[in-house]
Amino acid sequence: MSATLAGVLFTGSLVLALAVVHRPLGDHMYRVYTGTRHARPERVIYRLVGVHPEAEQTWASYARGVLAFSAVSVLFLYGLQRLQNHLLLSLGFRPVVTHQAWNTAISFVTNTNWQSYSGESTMGHLVQMAGLAVQNFVSAAVGMAVAIALVRGFARKRTDRLGNFWVDLVRGTLRILLPIAFVAAIILVIGGAVQNFHDPHTVQTLTGARQPITGGPVASQEAVKELGTNGGGFYNANSAHPFENPTAWTNWLEIFLLLMIPFGLPRTFGRMVGSVRQGRAIVAVMATLAVISVTLLSFFQLAHHGTVPTAIGSSMEGVETRFGVADSATFADATTLTSTGAVNSFHDSYTSLGGLMTMVDMMLGEVAPGGTGSGLYGMLILAVVTVFVAGLMVGRTPEYLGKKIGSREIKFAAAYFLITPICVLAGTAVAMAGTWGRGGTLNRGAHGLSEVLYAFTSASNNNGSAFAGLTANTPFYDTALGLAMAFGRFLPMIFVLALAGSLARQGRTPVSEGTLPTHRPQFVGMVAGVTVVLVALTFLPALALGPLAEGVH
Amino acid sequence: MSVRLAEAPRTAPDAPAPPGGRVQGGLLDPGQLLRSLPDAVRKLDPRTMWRNPVMFIVEIGAVWSTVLAVSRPSWFSWLIVAWLWLTVTFANLAEAVAEGRGKAQADSLRRAKTDTTARRLVGWAPGGPVVEEPVPAPALRQGDHVIVEAGQIIPGDGDVVEGIASVDESAITGESAPVIRESGGDRSAVTGGTKVLSDRIIVKITQRPGESFIDRMIALVEGANRQKTPNEIALNILLASLTIIFVMAVATLQPLAIFAKANEPGVPDSLALNAHGVTGIVMVSLLVCLIPTTIGALLSAIGIAGMDRLVQRNVLAMSGRAVEAAGDVDTLLLDKTGTITLGDRQAAEFIPIDGVTEQELADAAQLASLADETPEGRSIVVFAKTAYGLRERSPGELAHATWIRFTAQTRMSGVDLDDGPGGTRHLRKGAAAAVLTWVLDHGGLPETDVAGVVDGISAAGGTPLVVGEVVREAGTDRARLLGVIHLKDVVKAGMRERFAEMRRMGIRTVMITGDNPLTARAIADEAGVDDFLAEARPEDKMALIKREQEGGRLVAMTGDGTNDAPALAQADVGVAMNTGTSAAKEAGNMVDLDSNPTKLIEIVEIGKQLLITRGALTTFSIANDIAKYFAIIPAMFAALYPGLDRLNVMRLHSPQSAVLSAVIFNAVIIVALIPLALRGVKYRPSSASKLLSRNLCVYGLGGVVAPFIGIKFVDLLVQFLPGMS
C-alpha cells in the first residue's frame with residue numbers, strides 16, 4: 001500500500017468516525033446544557049462553593065465568573081509549582097522558576113498548554129495530577145461554557161440572562177469530559193500507554209549510557225489532553241513519546257479524541273437554536289477548511305521539496321517511524337486546527353510549506369474546528385462578520401438567526417477578531433526587534449523568523465504547539481508568550497459574552513424570503529472565504545519573510 | 001411633474017416610473033466631477049477628514065510620504081506621493097458630487113422662500129370678526145391665524161380652519177395643476193411658500209419660526225445635518241477595525257524586514273528595502289492598498305445618493321434611518337382605495353334579463369347614464385363604448401330628450417325620449433331598490449331573477465345598478481326591468497405582478513379597507529395581496545401594526561388623515577401624503593410630495609438598493625486585497641528572497657512599477673465606482689438567495705479578478721515612466 005493511499009484511508013476513516021459520532025455527542029451535550037436537573041455530586045459542589053444553581057447570570061456576571069475562576073486557577077497552579085518541593089510526589093524536583101511557573105500556569109488555565117518546560121524532568125506527579133490535569137478538564141469546560149453562553153444569546157430573546165457559569169462549568173466537566181476521558185484512558189492503557197506511580201526506572205541504552213525512565217499517570221492525562229484540546233504532554237516529546245502514544249492506532253484514537261468535541265458542538269448549537277441545519281452549516285464550514293488544510297499539508301509533506309528530503313526520498317526528519325509521514329501530517333494538521341497543540345512529530349522539521357500550513361491553520365483563528373468551545377464561538381463570530389458584509393447584499397440590515405447585527409454587535413465581533421492578530425504580530429515584532437528575542441532562535445534567516453512567528457501564533461491562538469528550535473524558557477519568552485496567551489484567551493471571551501448579552505436582549509426577526517439563508521452551501525462558502533481572506537491573509541506579509549521565503553523556489 | 005426638479009442638473013426627472021417600477025438613478029455628468037473638484041480639495045482639511053477613519057489614515061500616509069519625498073526625492077517617491085493625494089481627493093470628490101446634486105435642488109427651493117408679509121388676525125375665533133394686522137412672515141408663531149386671498153403667498157405651514165381655496169403647490173411638488181385645500185377633513189394642510197389661486201382661506205400656523213417644511217426640505221436635500229445611519233455606523237466600525245488590523249500588519253513587518261535584511265548582507269539596498277527595513281514610501285503604499293479605501297471613500301456618497309434618489313421620486317425622508325428601515329420592511333400596509341384599486345368603482349359587466357340582449361341593455365344603460373356625472377356614471381358610458389362599440393352620445397345630440405340628473409335623493413339618473421307620435425320611452429338607471437320601486441310604480445312586474453343577480457353581485461363585493469324601462473304608448477305604460485350593471489373596484493394594472501414580486505422579496509402585503517370582509521376578500525383575491533383588514537378603523541390599523549411589530553416585523557404604511565397620525569408614528573416607515581393633514585405629515589418619517597400611495601413599493605426598493613450598494617462595494621473592496629498582496633509583496637522582498645518572485649503572477653515590470661500600479665489602481669477604482677455609488681447597484685426584486693448569488697458573483701468574484709487585470713494594465717503603461725526600473 002502506498003503512503004498516499006494509507007494516508008487517505010487514515011484520514012478518511014477519521015472523517016467517517018467523526019461524522020458518525022458528532023450527532024449523538026452533540027445531542028448529549030445539548031441535553032447536558034439545557035437540562036434542568038442537578039445530579040447529587042453537582043449539588044454538593046454547588047453547596048461547597050456557595051452557588052445557587054437556579055440563578056442565571058447576566059453577561060457581565062457570567063464574564064466575572066469566568067475571569068474570577070481563571071484568576072484563582074492561575075494563582076493555585078503557580079503556587080503548586082513554586083511549592084512542589086514541600087509537597088507529596090515531587091519526585092525530588094525543585095520549585096519551578098518564577099517566569100516559567102507563571103508561563104505554565106497561564107498556559108494551562110488558558111487551554112493553551114504551551115510547555116516551556118519538559119514534563120518528566122520538571123514537574124512532580126502531584127503538580128501533573130492536581131494542577132495540570134485538573135486544568136486540562138476545567139479550562140476546556142470554561143471554553144465550552146462561554147460557547148454555550150453565546151449560543152444562548154442567539155437562542156433566547158428579550159432577556160439579559162445567559163445561564164449560570166458555575167453550572168455550565170461543573171456539568172461540562174462532570175457530564176461530558178470526565179466520562180469520555182475515563183473510557184479513552186482505559187483504551188489508551190490497552191494500547192500500551194503507561195499509568196503508574198513507579199519511581200524512575202534506570203536502563204542501559206544501546207550506546208551504553210544509563211537513562212532514567214519516568215513512569216506516571218500518563219494515560220489518564222493523555223486522554224483529556226486530546227479530548228479537551230489541551231495538548232500539554234506528560235513528557236517533553238509529547239505524543240511522539242511511546243508511553244503517551246504507543247501505536248499507529250492509538251495515534252488514530254488521539255486525533256479522533258481531539259476532534260470530537262469541536263466537531264460535535266455545532267450540532268449542540270443547532271439543537272439549541274432550534275434549527276439543526278444551522279449547526280450543519282457551521283460544521284460544514286469547519287470541515288471544508290479542515291479537509292482543504294489536511295490535503296495541502298499532507299501533499300506538501302509527501303511531495304517533500306526540500307534538499308535533504310528529496311535526497312533520502314522522504315521528509316522523515318522529526319517524524320516517528322511508527323507513524324510515518326502521512327499520519328504525522330494528519331496529526332499535525334488536526335492539532336494545529338483545533339488549538340490542541342499536542343505533537344507527534346516536529347513541525348520545525350517539516351518541509352517549509354508543510355510548516356507554513358501548520359501556521360496558517362492556527363492563523364485562521366482556531367475555528368476549523370478550533371478548541372473545545374472556543375472553536376464554536378470563533379466560528380460564530382466569523383459567521384456574524386460574514387452575515388454583516390454579505391448580508392447587506394440582499395438589501396436588508398444584516399441578521400443572523402433572527403438577530404440583527406447592528407453597530408453594537410459588530411463592535412464586539414470586530415474587537416474579537418482584532419485581538420489575536422494584534423497579539424501575534426505585535427509579539428513577533430517585539431521579539432524580532434532585539435537580541436532578547438532573536439537570541440532564542442535555533443536557525444538564522446527565514447527559518448529562525450518562522451520559529452518566533454510560530455511561537456506567538458501558537459500562544460495567541462491558545463494552541464500550544466511549538467515549532468521546536470526556539471529556546472522558549474527565557475524570561476522574555478516566558479513573559480511575552482504568557483501575556484499573549486492571557487490576552488488571546490480572555491479578551492475574546494469577554495467580547496463573546498458581551499455579544500451574547502446584546503443578542504439575547506433582542507427580539508427575533510422572523511425568517512422570510514428576503515432573509516439571507518444561512519444554511520446553504522452558498523453561505524458555507526462565504527464564511528470559509530471570509531475566514532481565509534479577512535483572517536489568514538492578514539499574515540501574508542509576515543509569512544512571506546518566514547516559511548514562504550523558504551518554501552517558494 | 002417637475003418644475004423644481006427640472007432646474008436641478010439631472011436627467012429626466014419627470015419620466016414616469018418605468019413598467020414594474022424598477023429603481024433607477026440619475027446619471028453622472030462628467031462636468032459635475034470637475035465642478036465638485038474645489039469642494040473635494042476643501043474637504044482635505046484634517047478636521048473634516050477624521051470623520052472618515054479609513055481615508056484619514058490615507059491622508060496621514062500621504063503627508064508622511066510627502067515629507068519623505070522632500071527629504072530624499074526620486075521619481076518613484078514623487079509619483080507615489082502624487083497618487084496618494086489623488087486617492088484622498090477622489091474620495092472627497094465622491095462625497096462632493098453627491099452633495100452637489102442636493103445643493104442644486106436646495107437652491108431652487110430657496111427661490112420659493114421669498115419674504116412675504118402675512119396678514120395676521122388679531123383675536124380671531126371661528127365666526128368672529130376679522131381684525132387683521134400686517135407682520136413679516138418670519139415673525140409668525142405657532143397658533144397664529146392668518147388670512148390669505150387669491151394671488152397671495154401662504155406665509156407659513158398650517159391648517160386651513162375656514163374656507164376653501166385652490167392652491168398652486170408647484171414650488172414644493174413640481175406639480176403645476178392646482179390642488180384644493182379646505183377646512184376640516186384630510187385636505188386641510190397648506191405649506192408656506194405656496195400660492196393661493198382662488199378664494200380666501202384662514203390658516204392656523206402650525207410651524208415654529210424657521211422650521212417650515214421648505215426649511216426642512218432644504219436642510220434634507222443639502223444633507224446639512226446629515227447623521228450617520230445605524231447601518232452606516234456599524235459598517236464604519238467594521239472598516240475601522242479592518243484598518244487597525246492592516247496598520248498592525250504593516251507596522252509589525254518592519255522589525256521582521258530588518259531582521260531578514262540583516263541576515264542577507266549581500267543583497268544591495270533598493271527603493272523598497274534597505275538596512276532600515278521597508279522604505280516609508282513603500283510601507284505607506286502597502287497600507288493604503290490593503291485598507292478598505294474603496295468602500296471607505298464611497299460610503300458617505302452612497303448614503304447621500306440614496307436620499308437623493310428618494311428626492312428624485314419626490315419623496316422626502318426625514319432621516320436616513322427611515323430609508324434604511326425601508327429596506328428591512330417585512331409588512332406593507334396598503335390602503336385599498338387609490339393604492340390597490342382605482343379610486344372609484346367602475347362598470348365591469350352588463351347582465352341582461354330574459355328577452356333582452358346585452359346590446360340592448362348596454363345601449364339603455366349608456367343612455368340612462370349620459371346625464372350622470374358621477375365617476376360611476378361615466379364608467380358605464382365608457383364601458384358601453386369600449387366593450388359594445390356604442391358611440392358616446394352627448395346630451396344635446398338627441399332631440400326631444402329630457403335628461404334626468406343623478407341626485408342623492410332619487411338615486412337614479414335617466415332620460416325620457418320622445419319616440420315619435422304618442423310614444424315616449426323612459427329609461428332609468430340607479431340603485432336597485434330605487435329602480436325597482438320606479439318600475440313597480442309604473443305597473444311593472446317584479447322580476448325574481450333580478451333580485452338573485454343583485455344579491456349575487458353584492459355578495460361578491462360589487463355594486464349592482466339596475467336599469468329599467470317604461471314605454472308609454474297611447475296612454476298605457478309598459479314597464480320592465482332590462483338588466484343589471486355590475487360595478488366593481490378595479491384593481492390597478494400591474495398590481496398583481498407587483499405583489500408577487502413583493503412576495504418573492506419576502507414582504508407581506510396587507511390591504512386595509514373600510515369594506516365589509518366579503519368585499520374585501522374578493523378584492524384581496526383579485527389583487528393578490530397576502531392578507532386584508534376589513535372594516536378597518538384607525539385603532540384596528542394601530543393594533544395590526546403593533547401585532548406585527550411584536551412578532552419582530554418592520555411595518556411600512558401610508559396615510560393622510562389626522563386619524564392616521566398615530567399609526568404613521570407607530571409604523572417603522574410611515575409615508576405621509578403631501579395632500580394630507582399636517583398632523584399626518586408630522587407623524588410620518590417620509591412625505592410623498594406626489595401623494596401617490598403606490599410609491600411605498602418604490603421606497604422599499606430604494607432602501608434595499610442602498611444597503612445592497614454598501615454591501616457590494618465592501619465585498620469588492622475586501623476582495624481587491626488579494627491581487628494587491630500579489631503585486632506588492634514580491635516587489636518588496638523578491639530582491640531578498642528570489643523565490644518570492646514566483647508570487648509575481650502578474651509579471652509586473654519592476655518592483656517600482658508594481659507598487660505604483662497598485663496605488664494607481666487603488667485610486668482610479670474609486671473614481672470608476674463613483675457612478676455606481678451614486679446610481680446604486682442594479683436591483684431586481686427576487687429572493688435573498690438569488691440576489692446574493694448574483695451580487696456575490698459580480699462584486700465578490702469580480703472584486704478578486706478585476707484588480708489582477710487592472711494592475712497589469714496600469715503596469716503596462718507606467719513602465720515607461722522615469723524611475724520605473
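This report walks through a sheet, some salt bridges and a charged surface patch in a predicted model.

## The sheet in chain B

Chain B holds an open sheet of six strands, running in the order β2-β1-β3-β9-β4-β7 with antiparallel pairing. The edges belong to β2 (132-136) and β7 (189-190), each with a single partner strand, so one side of each is left without a neighbour in the sheet.

Look at the β7 end: two bridges join β7(B) to strand β4 (residues 158-162), and the two run antiparallel. Here Asp159(B) sits opposite Ala189(B) in β7(B).

## Salt bridges

Over all chains, the count comes to 44 salt bridges. In one of them, the side chains of Glu42(A) and Arg175(A) meet at 2.7 Å, N to O. Glu42(A) lies in helix α2 (residues 40-49) and Arg175(A) in helix α7 (residues 165-191) of chain A, so the pair ties together parts that are 133 residues apart in sequence. Glu42(A) is buried at 1% relative accessibility, while Arg175(A) is partly exposed at 23%.

Over in chain B, Asp269(B) pairs with Lys261(B), with the closest N and O atoms 3.0 Å apart. Asp269(B) is exposed at 52%, whereas Lys261(B) is buried at 7%. Asp594(B) and Lys599(B) form another salt bridge, at 2.8 Å, N to O. Asp594(B) is partly exposed at 27%, and Lys599(B) is buried at 6%. Back in chain A, salt bridges that share partners link Glu222(A), Lys225(A), Glu226(A) and Glu244(A) into one network.

## A positive patch

Arg23(A), Arg277(A), Arg280(A) and Arg520(A) make up a positive surface patch. Arg520(A) is in the loop between α18 (475-505) and α19 (521-535) of chain A, and is partly exposed, with a relative accessible area of 35%.

Methods
Residues are numbered from 1 along each chain as its sequence is written. Chains are lettered from A and ligands numbered from 1 in the order in which they are written. This is a predicted model: local features need pLDDT of at least 70, side-chain atom pairs count only at pLDDT 80 or more; totals for chains, interfaces and linings use all residues. Side-chain values use heavy atoms; hydrogens and water are left out. Patches are made of residues with over 30% relative accessible area and no salt bridge: like charges are joined within 9 Å, nonpolar side chains (Val, Leu, Ile, Met, Phe, Trp, Tyr) within 5 Å. Accessible areas come from the Shrake-Rupley method with a 1.4 Å probe; for residues, only the protein chains shown count as cover. A salt bridge is a side-chain nitrogen of Lys or Arg within 4 Å of a carboxyl oxygen of Asp or Glu. Lys and Arg count as positive and Asp and Glu as negative; His and the chain ends are not counted. The place of a charge is taken as NZ of Lys, CZ of Arg, CG of Asp or CD of Glu. Helices (H or I, at least four residues) and strands (E, at least two) are DSSP runs, numbered from the N terminus. Buried means under 20% relative accessible area, exposed over 50%, partly exposed in between (1.4 Å probe, protein chains only). Two strands pair if DSSP finds at least two bridges between them.
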